[in-house]
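Student: I have not seen this structure before. Could we go through it by question and answer?

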Amino acid sequence: MMSEAALEELSVLSSIYCGEGEFRLIQQSAQDGLVVQINSTVGGLDVSLLFNLHLRYPSCPPDVSVSSTGLSRSQCRVIRQKLLDQAAALPPEPMVHQLVEWLQGVEVAEDCRGGEEEVRESDKEEEWTAVLSLDHIRSQSRYTGLLERWSRQLQLTVRLLLGPRILVILQGARANIKEFCRLLKTAKVDVDSSGKKCKERMMKVLIESPCPSSCEHGYGS
């Protein structure tokens with residue numbers, strides 16, 4: 001169950017970001033907590049921020065996803081990391097509004113320019129496709145919810161194919177695909193036969209190769 005402080009913050013955020021399209025509650029789950037979207041203008045650029053507030057929030061900082069039509073994926077990753085670092089440095093109390101205000105005070109273009117060479121190099125990375133094989137899925141809602149969350153955070157296209165053989169098709173930056181696979185093996189994504197949360201230890205990578213063309217990032221099934 002979400003903490004009272006988190007639920008109160010949700011109400012406050014909806015009041016502060018009350019303009020059209022500024023605030024949206026994406027998900028409210030007893031298992032995975034809250035996912036809220038805040039659309040803001042930062043340095044003259046429209047930036048969309050996705051905050052995943054876990055059940056233990058604000059005792060633990062939120063996960064953050066950043067997207068903007070005015071910034072490259074690499075620049076969005078730089079900003080996301082800076083937000084995560086800022087969140088980790090704050091005391092364990094409601095912080096979403098504070099993070100948004102902090103970002104609005106940052107010169108985004110200037111802040112990203114320091115790593116311009118890294119950004120350029122990263123933008124040249126090829127899109128990759130990977131096909132994973134899963135042994136089984138017992139808690140489909142929990143499993144798919146985590147896949148959707150990770151696809152947003154890592155800016156990947158993820159498609160889950162359910163059948164005699166369970167497959168996950170990933171498309172995006174190779175480093176992000178590797179991080180997705182790491183999360184899949186280390187996080188408790190499913191439940192075992194007794195109903196206890198368990199990790200995906202039987203996942204196998206069947207295919208990993210460059211993608212012939214860039215793809216839209218998102219989740220599908």
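Student: Which residues of α6 are buried?

Tutor: This is a predicted model. Helix α6 covers residues 140–154, and 11 of its 15 residues are buried, so α6 is largely enclosed by the rest of the structure. The buried residues are Arg 142, Tyr 143, Thr 144, Gly 145, Leu 146, Leu 147, Arg 149, Trp 150, Ser 151, Gln 153 and Leu 154.

Student: What distance does α6 reach from its first C-alpha to its last?

Tutor: The helix has 15 residues, and a span of 21 Å is expected at 1.5 Å a residue. Its reach is close to that expected value. The distance from first to last C-alpha is 21 Å.

Student: Which residue follows α6, and what is its phi near?

Tutor: The residue after the helix is Gln 155. Its phi is positive, near 55 degrees.

Student: Which strands pair with β7?

Tutor: Strand β7 (residues 166–173) is mostly covered, with 6 of its 8 residues buried. Strand β5 (residues 127–134) pairs with β7 in the antiparallel sense over 8 bridges. Strand β6 (residues 157–161) also pairs with β7 in the antiparallel sense, over 5 bridges, and a hairpin of 4 residues joins β6 to β7. The strands asked for are β5 and β6.

Student: Which residue in β7 is the bridge partner of Val 131?

Tutor: Arg 159 stands opposite Ile 169 in β7. Val 131 also has its bridge partner in β7, and that partner is Ile 169.

Student: Is Ser 133 buried or exposed, and what is its relative accessible area?

Tutor: Ser 133 is found in strand β5. Among the residues it touches, not counting those up to four places away in sequence, are Arg 165, Leu 167 and Met 202. Buried means under 20% relative accessible area. Ser 133 is therefore buried, with a value of 10%.

Notes: Residues numbered from 1 in each chain as written. Predicted model: local features only at pLDDT ≥ 70, side-chain atom pairs only at ≥ 80, totals over all residues. Heavy atoms only, no water. Helix = DSSP H or I, 4+ residues; strand = E, 2+ residues; numbered from the N terminus. Buried < 20%, exposed > 50% of the residue type's maximum accessible area, 1.4 Å probe, protein only. Pairing = 2+ DSSP bridges. Expected span 1.5 Å × (residues − 1). Contact = heavy atoms within 4.5 Å.
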